[in-house]
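Let's take a friendly walk through a protein model, one residue at a time. Please keep the sequence and the 3D view open as you read.

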Amino acid sequence: MRLLIQNGTIVSDGVSCRADLLAENGLIRAVAPHIEARAERRIDASGCLLLPGFIDTHTHLDLPLGSITTADDFDSGTHAAILGGTTTVLDFATQDRGMTMQQALDLWHRKAVGSHCNYGFHMAVSEWDEARAAEVDSMVRQGVTSFKMYMVYDAMMLDDGAICDALTRMAARGCLAGVHCENAFLIRERIRKLRAAGRLDAAAHPLSRPNAIEAEAVARLMRIAQLAQSPVWVVHLSTAEGLDEVRRARERGQRVLVETCPQYLVLDESCYAAPDAAKYILSPPLRKHADQEALLSAMGAGEIDMIGTDHCSFTMAQKAAGADDFTKVPNGGAGIQNRAELLYTCAVLPGRVTVCQMADLLSSNAAKAFGMYPKKGALRVGSDADIAVFDPSRARTISWRTNAHRCDNSPYEGMHVAGSVRDVVLGGEPVVEDGRLVRRGRGRFVFRRPCFTPIA
C-alpha cells in the first residue's frame, strides 16, 4: 500500500520542517517539501507534527505480582499505547527464580500475541549464576539485547557482586542493562520505624523511600558499572540527588543512560493526601516540586535520554488490599497512553524542551540506545513507516474512562492537556484515525541488534 501524508511538520533527526512523506510497503520512500504521487491512502496533516513513532522503554503488561496480575495485558495495554502514539513498547520479560531466560521469553512471546503496536523485550533477571550467564548469547541471537536488574524486592533483588558480574558479561556482548536503584535494606529499616510509630497511611510511603534512598543506590550503581567497565541505564530516575550522582559518573567518563517518567514531571508528593492516594503508590514514589524542576531542566539540557511510562496498572480493588497499610498496596500506576500529551503540555509549551527534543525523548534516543535506529526512531528514507501525527491544538482532559487501558483509575485523572495524538501509522498502515483504533492486532515483534559495540 502507498500512503501519502501531506502538509505536516516533520520532526526528526534534530530538524523540524514542513514536508510531505510517502510510505510504501511499510517503509518511508520519500520525504520532500512537496510530493505528488499516486497513493491508495492520503492523510492531511495540516497544523500537525509528524514524529517518529514513540517507543515506550518501560512497561509491565500482564505481569504477575504475588497472587494478583496487573490490570492491563498486551491487548488493553497496547491499545492504549497506540492511541498515545506509541508504536513500540519494550516490556519486561521476567525471569522468575527457578525459571530460565528462555522460558521467560517464550512466555512473554505468548502473552504478546495480538498486540496492537510493535513490541520488544528487556529480560528482567531475578537470579544470576553461570547458567543464566550462559543464556545471554541465546537472547542476543533472538533479538533481546537489553536486560534489567533490581536492587530491591525480595523476589527479584540481586546483590552488588551479581550486578557487577552481569554488567561485565553483558557488556562483552553489546547488551545494555538497566537497574532499579533503591536501597532495599534502608527501606526495610525505615518501614520498621514507621510501623512502630503507627504510620501506615499512604502519606508514609514517600517517607519510607526518601530521595537519599535513590541517590545512594544510583551512586553505588555508578561505581559498580565503573568496576565492570560497562555502560548502564538508570530506570525511572526521580530525584535531583540521583541526577547529581549520574552527573558525577559522566564527568568521570562513564556512559550512563537516564530514563525518567511523566509522573515525576507532573505529579508530586501532595497526591498522597488525596482520598484515593493508593493509586499514587508506586516506586520510586512521587517527589517534591524541586525534583520536578531539576528533571525538567535536565531534559532541556540534554541530560535525560528517554521518557518511559513504567506502566504497571492495578485496579482500585487491587489497591484496596493495602487500605490500612501502605506496604501492602501493589506498587504501580497507569500511564501508557498519556506520555506524549503530558510531555508536550508540561515541557514543550512552556519552552522547557523543543519539539526536536520531544522526538528524541519519546523515540529517537530509545531507538539508538536499544539497537533499533534508524529503522525505528527516524523519519527518513528507508526507515520503518511508524509515525505519530500529533495535533498541538487537540486539547483534551485525561480520564481513565476515556483512556483505553483496562485499569479503573489514572494518576492523571482530570488533567487538561493542550495537544494530543490524532492519527498513528504502523508499518505504513493507518491504524489510528481521529483518536480511534481502526486496525487491530497489527503489532509485530521487534528484533533488536546489540545496543553498542561489544566491550572486550
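The report below visits a few residues, a pair of helices, the cysteines and some backbone features.

## Before we start

This is a predicted model, in which local features need pLDDT of at least 70 and side-chain atom pairs count only at pLDDT 80 or more, while totals for chains, interfaces and linings use all residues. Residues are numbered from 1 along each chain as its sequence is written, and side-chain values use heavy atoms, with hydrogens and water left out.

Helices (H or I, at least four residues) and strands (E, at least two) are DSSP runs, numbered from the N terminus.

## Glu 182, a buried charged residue

Start with Glu 182, in the loop that runs between strand S12 (176-180) and helix H6 (184-196). Is Glu 182 buried or exposed? Its relative accessible area is 0%, so Glu 182 is buried. Here, buried means under 20% relative accessible area, exposed means over 50%, and partly exposed lies in between (1.4 Å probe, protein chains only). Glu counts as charged, along with Asp, Lys and Arg; Ala, Val, Leu, Ile, Met, Phe, Trp, Tyr, Cys and Pro count as nonpolar, and the others, Gly among them, as polar.

Gln 337 sits in the loop between helix H12 (316-319) and H13. With a relative accessible area of 7%, Gln 337 is buried. Its side chain reaches the backbone nitrogen of Ala 404 at 2.8 Å. Apart from neighbours within four places in sequence, Gln 337 is in contact with several residues, among them Ala 80, Leu 83, Arg 396 and His 405.

Now look at Asp 154, in the loop between strand S11 (146-150) and helix H5 (160-171). Asp 154 is exposed, at 55% relative accessible area. Once neighbours within four places in sequence are set aside, Asp 154 is in contact with Arg 97 and Arg 188.

## Helices H13 and H14

Two packed helices are described by the angle between their axes and the distance between the axes. For helix H13 (residues 339-348) and helix H14 (residues 355-369), the axes come within 11 Å and cross at roughly 145°. Axes are lines fitted to C-alpha atoms, for helices over the stretch in contact, and angles run from 0 to 180 degrees between N-to-C directions.

Which residues make the contact? H13 contributes Arg 339, Ala 340, Leu 343, Tyr 344 and Val 348, while H14 contributes Val 355, Met 358, Leu 361 and Leu 362. These divide into 8 nonpolar, no polar and 1 charged.

## The cysteines

How many disulfides are there? The count comes to 0, where a disulfide is a pair of cysteine sulfur atoms within 2.5 Å. The cysteine sulfur closest to that of Cys 17 belongs to Cys 356, but it is 9.0 Å away, so the pair is too far apart for a bond. Cys 17 is partly exposed at 35% relative accessibility, whereas Cys 356 is buried at 15%.

## Backbone features to look for

Most residues other than glycine have a negative phi, and most peptide bonds are trans. A cis peptide bond joins Ser 283 and Pro 284, with omega about 0°; Pro 284 is in the loop between helix H10 (263-266) and helix H11 (289-300). Another cis peptide bond links Tyr 373 and Pro 374, with omega about 5°, and Pro 374 lies in the loop between H14 and strand S16 (387-391).

Asn 7, in strand S1 (residues 2-12), has a positive phi near 70°. Gln 229 has a positive phi too, near 55°, and is located in the loop between helix H8 (211-228) and strand S13 (232-234). Asn 7 is partly exposed at 36%, and Gln 229 counts as exposed at 60%.

Conventions: Contact means heavy atoms within 4.5 Å. A polar contact is a pair of N or O atoms within 3.5 Å; within protein, one must be able to donate a hydrogen and the other to accept it, and residues adjacent in sequence count only if both atoms are side-chain atoms.
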